[in-house]
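Please consult the sequence and the structure alongside the points below.

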Amino acid sequence: MSRLSWLLLLLLPCAVAAEPRLALTRESEPAFTELMHQAQQGAFGPDVDNLNATILKDRVQIELKERGGGVRTLWLWPTTMEEKQTLGMFRVEPASRAAPTDGDQLRRLLTQIFRSDPFLVENDGMDGRRVNPMGGPPPGSSGPALAVAGPRSRRATVLLATVQFSLLILALAALWRAALRQRRE
Amino acid sequence: MEASDASEESPPIGWFVPVAVTLAAWAVFSYASPHTPVTTDATRDQLLVRDCLELGACHTAGAPTSVSGVRQGAGWIDLLALLRLVGLDVAGERRAVLLLNGLAVGTMFLLAGRLKRSLAWPAALLATWAIVTIGTARLLINTSLDVLPEIVGTGSLLLFAAERRRGLLLGAAFAIGTAVNFHVGASSLVPALLIVAAQASWTALLLSAVTLTGATLLTAWDAWEMNLDQLQQRHLLPVALGGLVLCIVAGRVLRRLPKFGVAHVVAIIAAPFLLGFLWLVAAEHHGVVASYFHPVLGPACLTLAFGLDSVLRRVPTIGERTPRVLTVTLAALIFVASGRSRAEIAMRPEWTYDDARVIARQLMDHGVTYSDATTRLQAPRCHDLIPAVGVYLDARKPFTPSPMSFSVPPGAPGALESRTSTLRFSPMVACRLPVGSGAPTCAPATPPNAGEQEPPGRFLFSTRGDLATHALSTPPPFIARYQLDVALTSDPVTLSVVDDSPPGCGWKITGLEGLHTNATFPTTRLSLAGPEGDSGHLYLERPFGTPGCGAPAVDSLFLPCLVEGD
């Protein structure tokens, strides 16, 4: 019994981890190109004359190129369903030399440029089709994701449901064990 | 029926026998139900799952039940979502659910054998027969799986009566809570749990109540908030709470019984279920369907097996051969029932989810999106087919209006035919007009265009998963109305509404503006001809909640089947 419990406890995080990975596709390239053009036109202030965007599958590294040769770095990450309400499609994290105002400006530009969430799941288990798991519309609008929004994120659902079914299997195992043990007595 | 002869007969049976029974039952269920037919309920559940996995909005309440205002828990939707996440499609979900049903049968075998060895096979075979016969294994809806937590719950209660192990009581509490989370009908098992727990001790009662509440609310707190609100509105909350207190008192009184055994627990499980069922039929005028007996399936099979065993043992010609005779007879019964189930499925002209997937693939090749499919796909029984196809289409893909419509020849899902369409579905307006007092509510039903931000109040077919969230939701009676644009092509065309509702209750074409026609409205068929490019508005209406239309129809917020032909 205890071995089974441990096995189920081990399976629990595996089930949570089974959630499909988010990734960016080539379809988001034009939007990042537009972001570069905006930076070249002075959207980040007169001291920034260019921008590099390095797409790393599940995140993006943004480098703001200063006229004097310096570089300010920010990271873009996908947001959770809860974060989407306040942060939009990207969580912007200022890194090397970047100021909070750079992050705010970047977030504003991203909201203007991206019409839909560029993060897609790699495989949703249905014929390998690509779908957008958390793809809400830009903040402030009322699209499908907000229209049907339940109070629970997908990750929380996976965790709670895994707990529920693991414990049900434990109850089943306890019943089988009690019935089998009595047979031998 | 007491745990009496476990050790008096043959040597102990290992765990592999109930496992083999599980697999055998799985094989029977798979044979009896070779594929999953499309049903409104199953599609609704799949779309609720899609809301969670694709749109990122997971529900904390399941589908509406047939009792007005009462919602299922989210357990079933969560299970389907988990199965989807591990890579299973609809067919895979069905196989997994059938395996869990098989596990319920294996559990019945073990439980019955523990209580009375000779009942093991008859009880397991009766459970198999019941699951095949009442269609639980055939439909991919919440009752399909609920037998497993219910059998674990009731089985643990019965075994607790025989063994008095607290772990079994907690297992029963958790399994019953999970069963309630799947299907609200399992609430009828709660009184039995409270009586048995109170009969054991105050500590057992407290632990059971906490476990039960936790399992029930774990993923479905909104459903239970709504359901308690419904009880309050119907002035039944004090009655329900009083009933639960009465159960606890009854449990304490039963402590004084010199022998509290399995037969008592069976009676305690059956009585609240039967009372609840009678209330449903008498007060709510609810229909009686065999599958509604799923909460007591385990104890019922056990009691029936015990009764048959007792009766046959008294027949002189059978006597000691009773277990063998019962087993052979019930196995033959299952053989007949599963064959009949398979034949019925083959005879019914139902769409299956395999058909829907084949059609969806072809539509995707034509660039048809989810919103497009709601208006572009024409087929027999399309009110079932279109939402089912939607299960496989991308809900988030922007709408690109297509000039083509697609039709599926009967029985040939792989042979999609396309033609230039007369109907222009953009813009479209959806309205709900209350009968009597109240203002009509209308919303533009145009799906979102590529790159366009979606304004509030737009009617979206992609939100169909959760019908209750829609702004158009109107209490019955009301008239549902859609306004479509029609633009004539060079060929004359006949538009037909396909609806098998009783006369006066189904969808009708109720008007045409801007184009000439000789038709008298309302009608189900309309011929159109004229100069190419002429356009107008077409109106489609259907009453909901009208007396004399049979069972109350559910407004699925979907267009009727509209077929273009010559």
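In chain A of this predicted model, 50% of the contacts between residues at least 6 apart in sequence join residues at least 24 apart. For chain B the corresponding value is 76%, again among contacts between residues at least 6 apart in sequence.

**Chain make-up**

- Chain A contains six helices and six strands, and their order along the sequence is α-β-α-β-β-β-α-β-α-β-α-α.
- Chain A has 185 residues, of which 48% count as buried.
- Chain B comprises 17 helices and eleven strands.
- Of the 566 residues in chain B, 55% are classed as buried.

**Helix packing in chain B: α4 and α5**

- Helix α4(B), residues 90–115, packs against helix α5(B), residues 120–133, at an angle of about 155 degrees, and the two axes are 7 Å apart.
- Because angles over 145 degrees count as roughly antiparallel, α4(B) and α5(B) are assigned to that class.
- The crossing of α4(B) with α5(B) is right-handed.
- On the α4(B) side, the contact involves N101(B), V105(B), M108(B), F109(B), A112(B) and G113(B).
- On the α5(B) side, the residues in contact are A120(B), W121(B), A123(B), A124(B), A127(B), T128(B) and I131(B).

**Helix packing in chain B: α8 and α11**

- Helix α8(B), residues 190–200, and helix α11(B), residues 237–254, pack at about 40 degrees, with axes 7 Å apart.
- α8(B) and α11(B) make a right-handed crossing.
- From α8(B), the contact draws on V190(B), P191(B), L194(B), I195(B), A198(B) and Q199(B).
- From α11(B), the contact draws on L244(B), C247(B), I248(B), G251(B), R252(B) and L254(B).

**Aromatic residues**

- Over all chains, the count of aromatic pairs is twelve.
- One of these pairs joins W15(B) and F16(B) in an edge-to-face arrangement, with 6.2 Å from centre to centre and 75 degrees between the planes.
- W15(B) and F16(B) are both exposed.
- A single aromatic cluster is formed by F478(B), Y482(B), W507(B) and F544(B).
- F544(B), a member of that cluster, also has R542(B) over the face of its ring, at 4.8 Å from the ring centre.

**Backbone geometry in chain B loops**

- A cis peptide bond links F521(B) to P522(B), with omega near -5 degrees.
- P522(B) is located in the loop between β8 (508–513) and β9 (525–528) of chain B.
- R164(B) is a residue other than glycine with a positive phi, near 60 degrees.
- The position of R164(B) is in the loop between α6 (143–163) and α7 (166–182) of chain B.
- R164(B) counts as partly exposed because its relative accessibility is 38%, and the range for that class lies between 20% and 50%.
- H235(B), likewise a residue other than glycine, has a positive phi near 60 degrees.
- H235(B) lies in the loop between α10 (221–233) and α11 of chain B.
- H235(B) has a relative accessibility of 65% and therefore counts as exposed, the cut-off for that class being over 50%.

Definitions and conventions: Residues numbered from 1 in each chain as written. Chains lettered and ligands numbered in written order. Predicted model: local features only at pLDDT ≥ 70, side-chain atom pairs only at ≥ 80, totals over all residues. Heavy atoms only, no water. Phe/Tyr/Trp six-rings, centres within 6.5 Å; stacked < 30°, edge-to-face > 60°. Buried < 20%, exposed > 50% of the residue type's maximum accessible area, 1.4 Å probe, protein only. Lys NZ or Arg CZ within 6 Å of the ring centre and 35° of its normal. Axes fitted to C-alpha atoms, helices over the stretch in contact; angles between N-to-C directions. Helix = DSSP H or I, 4+ residues; strand = E, 2+ residues; numbered from the N terminus. Parallel < 35°, antiparallel > 145°, perpendicular 65-115°, else oblique. Left-handed = near helix turned anticlockwise from the far one by under 90°. Contact = heavy atoms within 4.5 Å.
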